[in-house]
Amino acid sequence: MEKEKQFLALLEKHKGILYKISRMYEDNEENQEELRQEIVYHLWSSYDDFLGKSSFSTWMYRVALNTALTQFKKESKKSNLEVALNEEAFQLKSEVSNYEEKENQLQHFYKAVQELNKVEKALIFLYLEGMSHKEIATQLGITEGNARVKLNRIKDKLQEIIIRNGYEK
Amino acid sequence: MKSDKFNFEDLKKEWKEQESSVPIPDDLNKIKKAQTPIDKIRKNIKTEMFLMIISVIFLMIVPFISIYQISGISELVYYIVLFLLIISAVPYYKSFYSYYKNTNHKTFNSYRSISEIYYELKNTIRLYKTINYLLVPYGFILFFIVLSKGRSEKIFEIIMNLPDSFTHENYGYFAALMLVILFTILAIFLVGIWVSMFYGKHLKELEKILQQFEEENE
């Protein structure tokens with residue numbers, strides 16, 4: 001019981017990881033919620049392996065990303081419809097934009113990131129979380145040099161996508 | 001409309017400051033776990049294991065039920081096949097059980113985690129197909145003996161006395177035997193297709209992710 005309380009407190013403190021990963025990996029609210037549940041399930045079921053071995057956030061990045069990477073998309077018409085509606089809503093928002101620049105940039109980022117593959121999403125996520133190339137490489141199991149090269153490519157790819165999508169600064 | 005580039009350093013700051021309003025469950029027992037491909041295959045194997053135990057118990061007592069008329073050489077073949085079925089199934093389910101207990105690779109680095117899941121899924125599919133190739137023929141022979149209500153004894157006698165028994169009056173028995181063999185081959189074939197279709201697509205998706213990782217290492 002004490003362990004569960006401790007776990008939930010840590011989860012509350014780091015819930016931003018859940019939010020950001022689910023938004024990056026899933027494009028509609030229903031699937032995002034499902035992914036968050038799946039991540040929490042895996043975090044809780046492997047919590048005993050974690051205890052005392054590293055910082056909670058480092059361990060949570062790893063479990064959460066590994067869950068997102070192996071989560072397969074559902075093929076449902078409802079999901080596609082929701083995506084279409086979300087995109088429409090997004091465009092409308094952009095047109096009547098009174099958004100602050102901050103909100104605008106993040107919104108564009110979340111839209112653009114949907115066009116990246118799963119591994120690219122993992123790399124850009126860890127970069128935005130402030131990890132060094134070495135830390136990213138360790139988390140993902142690739143070399144530091146490759147993390148650097150690939151990250152530069154992803155940034156270029158994201159720039160191309162947002163320009164294509166008409167991002168306005 | 002003027003298009004401009006992202007400033008990733010600005011984005012990093014905004015990224016940290018964004019609101020993360022997600023509900024955290026208050027009861028961990030209520031968390032629903034989604035069905036990953038490995039979970040699905042595990043669940044199927046568990047259900048099949050349960051059905052197999054029930055079937056084996058039933059099959060063991062069938063020869064004692066007089067309406068099935070299993071006696072003589074049929075009874076001998078029946079128990080030999082049942083024995084083979086059990087000794088084939090036990091190591092398979094045992095290896096599945098140890099696999100079931102050991103698959104929590106979410107704490108490895110991502111490449112290792114996905115590689116292990118990929119190879120375990122691949123092995124499980126292979127094992128799953130193999131066991132079905134073995135068990136389907138055994139199952140068909142047993143059910144053939146049970147459902148033939150005594151006529152199987154005659155068929156076994158005919159088989160043992162080949163080629164002398166290949167006579168006009170036995171053609172009906174040969175036809176029945178051919179039908180059983182055909183259905184067995186068809187069932188094995190369908191199981192193979194079903195497993196490849198149902199689980200193979202997940203294997204391909206994992207393969208795709210591994211390729212994405214390997215691209216990083218080029």
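**Exercise 1. Determine where the confidence of chain A is lowest and where it is highest in this predicted model.**

Solution. In chain A, the lowest confidence belongs to helix α6 (residues 77-95), with a mean of 45, and the highest to helix α8 (residues 118-128), at 96. Next, consider the stretch of residues 76-102 of chain A, where the pLDDT is below 50. Beyond near neighbours in sequence, this stretch has 13 contacts in the model. Finally, for chain A as a whole, the mean pLDDT is 82, and 80% of the residues reach 70 or more.

**Exercise 2. State how chain A is divided into domains, and describe the side of domain 1 that touches domain 2.**

Solution. Begin with the division: domain 1 of chain A covers 1-78, and domain 2 covers 97-169. The contact between them involves 10 residues of domain 1 and 9 residues of domain 2. On the domain 1 side, the elements giving two or more residues are α2 (15-25) and α5 (56-69) of chain A. Of the elements on this side, α2(A) gives the most, with 5 residues. Sorted by class, the side of domain 1 that touches domain 2 contains 6 nonpolar and 4 charged residues, and no polar ones.

**Exercise 3. Identify the residues with the most contacts inside the largest nonpolar core, and trace which parts of chain A supply this core.**

Solution. The largest nonpolar core has 46 residues, and those with the most contacts inside it are A:Ile21, A:Ala64, A:Ala122 and A:Leu123. The greatest contribution to this core comes from α5(A), with 8 residues. Both domain 1 (1-78) and domain 2 (97-169) of chain A supply at least three residues each. To follow one member, take A:Ile21: leaving aside neighbours within four places in sequence, A:Ile21 is in contact with A:Ala64, A:Leu65, A:Ala68 and A:Phe125. A second, separate core has 12 residues, among them B:Leu59, B:Leu135, B:Phe144 and B:Ile145. As general background, nonpolar side chains tend to be buried together in soluble globular proteins.

**Exercise 4. Describe the contact between chain A and chain B from the side of chain B.**

Solution. Second, locate the contributing elements of chain B: α1 (8-17), α4 (110-147) and α6 (171-216) each supply at least two residues of the side that touches chain A. Third, sort the residues of that side by class: 17 are nonpolar, 12 are polar and 12 are charged.

Conventions:
Residues are numbered from 1 along each chain as its sequence is written. Chains are lettered from A and ligands numbered from 1 in the order in which they are written. Domain bounds come from an automatic or database domain assignment. Two residues are in contact if their C-beta atoms, placed from the backbone, lie within 7 Å. Helices (H or I, at least four residues) and strands (E, at least two) are DSSP runs, numbered from the N terminus. Ala, Val, Leu, Ile, Met, Phe, Trp, Tyr, Cys and Pro count as nonpolar, Asp, Glu, Lys and Arg as charged, and the others, Gly among them, as polar. A nonpolar core is a set of buried Ala, Val, Leu, Ile, Met, Phe, Trp, Tyr and Cys residues joined through C-beta atoms within 7 Å. A residue is buried if 20 or more other C-beta atoms lie within 10 Å of its own, exposed if 12 or fewer, and partly exposed in between; C-beta atoms are placed from the backbone. pLDDT is the predictor's confidence in each residue, from 0 to 100.
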